[in-house]
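Please read the points below with the model open beside them.

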Amino acid sequence: MHIDFLVSGFEKSRDKTALICNDRKYTFGNLIDNIYFFKKELSAKQNIPSGSTVLLEGDFTFNTISLFLALTENNCIIVPLNSSSKSDRTELANISESEYVISVNGSDEAEFKKTGIKSSHEFINKIRDRKNPGLILFSSGTSGKPKAAVHDFSGLLKKFRTKREALITLNFLLFDHWGGLNTLFHTLSNSGTTVATADRSPDNICRLIEEYKIELLPSSPTFLNLLLISEAYKRYDLKSLKIISYGTESMSPVTLRKLNSEFPFVKFRQTYGLIETGVLRTKSKDDNSLWLKLGGEGFDVRVRDSILQIKSESNILGYMNYPSPFTEDGYFITGDEVETDGEYYRILGRKSEQINIGGEKVYPAEIENVIRELDNVADAIVYGEKNPVTGNIICADVRLIKDENASDFRVRLKKFCMTKLRAFKIPSRVKILEEIKFSERFKKTSNKS
Amino acid sequence: MITSEKINETIFNALDEINQLLPDENKIEKKEDTVLYGAYSRLDSLGLVNLIVTVEQRVQDELGRSIDLTDEKALSRKNSPFLTVKTLSDYIASLLNNE
């Protein structure tokens, strides 16, 4: 019932292309049939009752998208996870109390598993009592453990009932981020064509834009840097593009200027959204400007101590494993420092230890804990260093117990981290220190200059 | 004046270090015309950043000079310095020899 408004739109466009996933086309008719196939499969064959908490692992493919919609229709609590998160899967399944895991592999085949976990968190029960679907997304946590943010999914879906223009859209952002799901639901609800791919390299993205005449590319500043560095845009015809949007991290004015001069026919739009609040409507001052208006229907925005606070109908209920992030009057404290100029805001970034690497976020503690397990390590400090490509890179200053060749140690540390951490959390710069400096209060300080 | 042979050798040593972390099918060949971050590169964004940082560290260790390969100057150039081993080597030479 929660996706009726979507399905009735699909019915009207049965023969139109809904999805192009890894270069295979599917119509809205195919999509409806596949959703109902999985709806039946879930209850009749896999015995997954409505209201179950289900971790869905995959990327934007025909079957994953169909399963996502079928689970929504069955009022399940969905925990989407990108295929690349495999190293964290067990931990994330435990934190989110996932009762079932559905993994969709590279050939788009689904595998169903029962975990044996019983989900009984108060937020989950609240959503079950409302007979609504739920959505759990992860955001990085100060202690190193990811925070499980719980949405009543019906609240997030509400805004898609308002019809808007749908462009041919490349679903570039990730499956386990609200940005990626927001793009998918926007395009589907307006009967637009969604193009998705597992290969997000600049050359493949440019090829898809040329081949499928893509009009809208939601992206990130890191990807746009890579697009410029690779010069892939010089090898393809990208004239179909109308809008490139970017969010998830701060954009360098140099990159934005270069983009505007290389793509004079494209409008650049900054977006702003958080896992905890959903995506806000924004309006940039002009194409070359990083100042923007924030808000839209259902959002209330204010600034306290230069930190942005947001109240929204689609705010999360809370975190399953961390204290409430809301003020007493219901505003979410974003942690993002902003400058204001009349009704315009400029996002300066996080006022905390959190490190943002190309839109993926992590706190130093998680990485420090892993490095300290490594042989011959006496202590480690992890911090972010500004980098024009990915916004920041992870640096680790390490003190060793006995001398070791620097290059060998760097390789050994990275190899060890590869077995324990997702790729973006592995330090890029590793420095061996004679001694780690301690500040007056014996709190460790990093050595960055 | 630091020769282009010396710079190439430093880049190749950095590639040796990076290759130890890459699966066999993605290893980067030690040749002047090897594509680093250009058409159909096998590196992703983190791979590119790791390559850049490792080359900076090797230049520091082996040539005793500190360089910044990703300042605004590098990114706003008309042609990207990171397309191939050769373009990167030429760019490092221009930084080291203050052209």
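1. Two strands are taken as paired if DSSP finds at least two bridges between them. Helices (H or I, at least four residues) and strands (E, at least two) are DSSP runs, numbered from the N terminus. The model is predicted: local features need pLDDT of at least 70, side-chain atom pairs count only at pLDDT 80 or more, and totals for chains, interfaces and linings use all residues. Residues are numbered from 1 along each chain as its sequence is written, while chains are lettered from A and ligands numbered from 1 in the order in which they are written.

2. Strands β17 (residues 299-304) and β18 (residues 307-312) of chain A run antiparallel and are joined by 6 bridges. R304(A) has I307(A) in β18(A) as its bridge partner. The hairpin of β17(A) and β18(A) has 2 residues between the strands, and D305(A) there takes a positive phi near 50°.

3. For burial, other C-beta atoms within 10 Å are counted, with C-beta atoms placed from the backbone: 20 or more is buried, 12 or fewer exposed, and in between partly exposed. N22(A) counts as partly exposed because 16 C-beta neighbours lie inside 10 Å, whereas E97(A), with 21, counts as buried.

4. I20(A) is in strand β1 of chain A. I20(A) is buried, since 22 other C-beta atoms lie within 10 Å. Leaving out residues up to four places away in sequence, I20(A) touches K25(A), T193(A), V195(A) and Y212(A); contact requires C-beta atoms, placed from the backbone, to lie within 7 Å. T115(A) is 95 residues from I20(A) in sequence and 32 Å from I20(A) in space, C-alpha to C-alpha.

5. In chain A, helices α2 (residues 28-45) and α3 (residues 62-73) pack at about 60°, their axes 8 Å apart. Axes are lines fitted to C-alpha atoms, for helices over the stretch in contact, and angles run from 0 to 180 degrees between N-to-C directions. α2(A) and α3(A) are therefore oblique to each other (under 35 degrees is roughly parallel, over 145 roughly antiparallel, 65 to 115 roughly perpendicular, the rest oblique). Among the residues in contact are F38(A) and L42(A) of α2(A) and F62(A) and L69(A) of α3(A). By class, this contact of α2(A) with α3(A) has 9 nonpolar, 2 polar and 2 charged residues. Ala, Val, Leu, Ile, Met, Phe, Trp, Tyr, Cys and Pro count as nonpolar, Asp, Glu, Lys and Arg as charged, and the others, Gly among them, as polar.

6. In chain B, helices α1 (residues 4-19) and α4 (residues 85-96) pack at about 120°, with axes 10 Å apart. α1(B) and α4(B) are therefore oblique to each other. The contact includes I7(B) and I11(B) of α1(B), and L88(B) and I92(B) of α4(B). It has 6 nonpolar, 3 polar and no charged residues.

7. The contact between the chains takes 21 residues from chain B and 26 residues from chain A. On the side of chain B that touches chain A, α2(B) gives the largest share, 6 residues. The residues of that side divide into 11 nonpolar, 8 polar and 2 charged.

Key: Two residues are in contact if their C-beta atoms, placed from the backbone, lie within 7 Å.
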